[in-house]
Amino acid sequence: VKGSPSGQYLFPCHPHGALAFNRAAVGFCMDDLWDAAFPQLPNLKVLTASAAFYVPFIRELWLASYCIEASKKVAVAALEDSGPGTGMLVYPGGETEQLMTERGKEKVFLSGRKGFVKLALEQGMEIVPVYAFGESDLYHHSSLWLDLRKKIQKKFGAAIPLIHGQFGLLPYFPDKGVRLVFGEPVQLWKEKKWEKGMIITQNMIDEGHKVYCEKLRDLFEKEKGAMGYGDRELEIY
C-alpha cells in the first residue's frame with residue numbers, strides 16, 4: 001500500500017470475527033506487523049467499542065495496544081493530536097458483525113454502516129480496505145440464545161459471543177493462518193483537492209459507501225485464491 005507520511009489513512013477491517021484476533025495481533029505486535037508494513041505511518045490508532053473501556057483489565061490491555069474509544073469525538077481528537085503519518089484502524093461491522101460470525105463463512109455487516117465514510121470525508125482521509133482471511137474460522141460460534149444476545153447487544157452496545165475453539169478458548173488456528181490483505185488507498189471525494197470545512201452531503205456519503213463496498217469486494221475476489229479461500233463467497237449484509 002502506498003501511503004504518504006504527510007497523510008492520514010482510515011483502515012476499515014473486515015470481518016470482526018468472534019474476538020477480533022487480528023486487531024489484538026496488530027496492537028500487541030506493533031514492531032513486527034504494523035511498523036514493518038507501514039513504516040510511513042508510525043501513529044496507529046484502533047477504534048474499539050466503548051463498552052470495552054469499562055471492564056477492568058480488558059481496558060488496560062486495549063489501551064496498551066493502541067485502542068481508543070470508537071466515537072466520532074474521540075476519533076477526531078486523536079487525529080488532530082497525532083497529526084500526519086497516522087493510520088486509524090476501524091471495524092465498521094462492530095458487535096453486530098461479531099455475533100454474525102460463522103465458521104466457514106465470510107460475513108460482513110456493512111450495508112447500514114456509513115459513519116466511517118463520513119469521518120473519512122470530513123477529515124480528508126483516504127480509505128484503505130482491509131480483509132482478514134482466516135478470522136472467521138478461529139472459533140465455532142453457538143447460536144444458543146442468539147436472538148436474546150442480539151437484543152442485549154442493541155440495548156447495551158456489548159456483544160456476548162458464545163464460542164469455543166479447538167481446546168476451550170484456544171482457537172482452531174487454520175493451517176493458512178490469519179492473513180490480512182490491504183487494498184490501495186481510495187479517495188472518496190471527487191474534487192481534486194480536499195479542503196477543511198468542505199460541505200459533506202448525504203449523497204457524497206452514500207456514493208462513497210458504494211465505492212468502498214465495491215473496492216472491498218474487488219479486494220476479496222482478487223486475493224481469496226492466493227490466501228487459500230478460493231471457494232468462499234463474500235456475504236455483505
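These legends accompany close-up views of a predicted model. Local features need pLDDT of at least 70 and side-chain atom pairs count only at pLDDT 80 or more, while totals for chains, interfaces and linings use all residues. Residues are numbered from 1 along each chain as its sequence is written, and side-chain values use heavy atoms, with hydrogens and water left out.

**View 1. An aromatic cluster of F11, W34, F38 and F182.** Eleven aromatic pairs turn up in a search of the whole structure. Rings of Phe, Tyr and Trp (its six-membered ring) pair if their centres lie within 6.5 Å; planes under 30 degrees apart count as stacked, over 60 as edge-to-face and the rest as tilted. F11 and F182 pair edge-to-face, at 6.1 Å centre to centre and 80 degrees between the planes. This pair links distant parts of the chain: F11 is in strand β1 (residues 8–14) and F182 in strand β10 (residues 179–182), 171 residues apart. Helices (H or I, at least four residues) and strands (E, at least two) are DSSP runs, numbered from the N terminus. F11 is buried at 1% relative accessible area, whereas F182 is partly exposed at 26%. Buried means under 20% relative accessible area, exposed over 50%, and partly exposed in between (1.4 Å probe, protein chains only). W34 and F38 form a tilted pair, with ring centres 4.6 Å apart and planes at 45 degrees. Both W34 and F38 are buried.

**View 2. Lysines over aromatic rings.** The charged end of K155 sits over the ring of F156, 5.8 Å from its centre. That of K176 sits over the ring of Y229, 4.8 Å from its centre. The criterion is NZ of Lys or CZ of Arg within 6 Å of the ring centre and within 35 degrees of the ring normal.

**View 3. The two sides of helix α4 (residues 72–82).** A75, V76, A78, L79 and S82 are buried. They share one side of α4, because their arc around the axis is only 160 degrees. The arc is that of the directions from the helix axis to the C-beta atoms. K73, E80 and D81 are exposed on the other side. The buried residues of α4 pack against β1, β2 (43–48), β3 (67–69), β4 (86–90) and α6 (115–123). Contact means heavy atoms within 4.5 Å. Just after α4, G83 takes a positive phi of about 75 degrees.

**View 4. Helix α7 (residues 146–156) and its buried residues.** L146, R149 and Q153 are buried. Their arc of only 60 degrees around the axis puts them on the same side of α7. The face turned away from this side carries exposed D147, K151, K154 and K155. Cover for the buried residues includes α5 (94–100) and β8 (140–141). G157 follows α7, with a positive phi near 70 degrees.

**View 5. The largest pocket and the largest cavity.** The pocket has a volume of about 1100 Å³. Of its 39 lining residues, H16, L47, T48, A49 and E95 are the closest to its centre. At least two lining residues come from each of α1 (21–28), β2, α3 (58–64), α4, α5 and α6. The search of the whole structure finds one cavity of 30 Å³ or more. The largest cavity holds about 40 Å³ of space. Its lining is P15, G17, E97, M100, T101, E102, K105, K107 and S136. On a 1 Å grid over the protein atoms alone, a cavity is a set of points where a 1.4 Å probe fits but cannot get out; a pocket is an open set with protein on both sides within 12 Å along at least five of seven lines; lining residues have an atom within 4 Å of a point. Grid points are joined across faces, edges and corners, and a volume is the space filled by probe spheres set on the points.

View 6. A120 is buried, with a relative accessible area of 0%. Leaving aside neighbours within four places in sequence, A120 contacts L10, M125, I127 and W189. The C-alpha atoms of A120 and L188 are separated by 8.0 Å, although the two residues are 68 apart along the chain.

**View 7. Backbone geometry at P15, Y66 and W145.** Most residues other than glycine have a negative phi, and most peptide bonds are trans. The H14 to P15 bond is cis, with omega near -15 degrees. P15 is in the loop between β1 and α1. Y66, in the loop between α3 and β3, has a positive phi near 70 degrees. Y66 is partly exposed at 35% relative accessible area. W145, in the loop between β8 and α7, has a positive phi near 55 degrees. W145 is exposed, at 58%.
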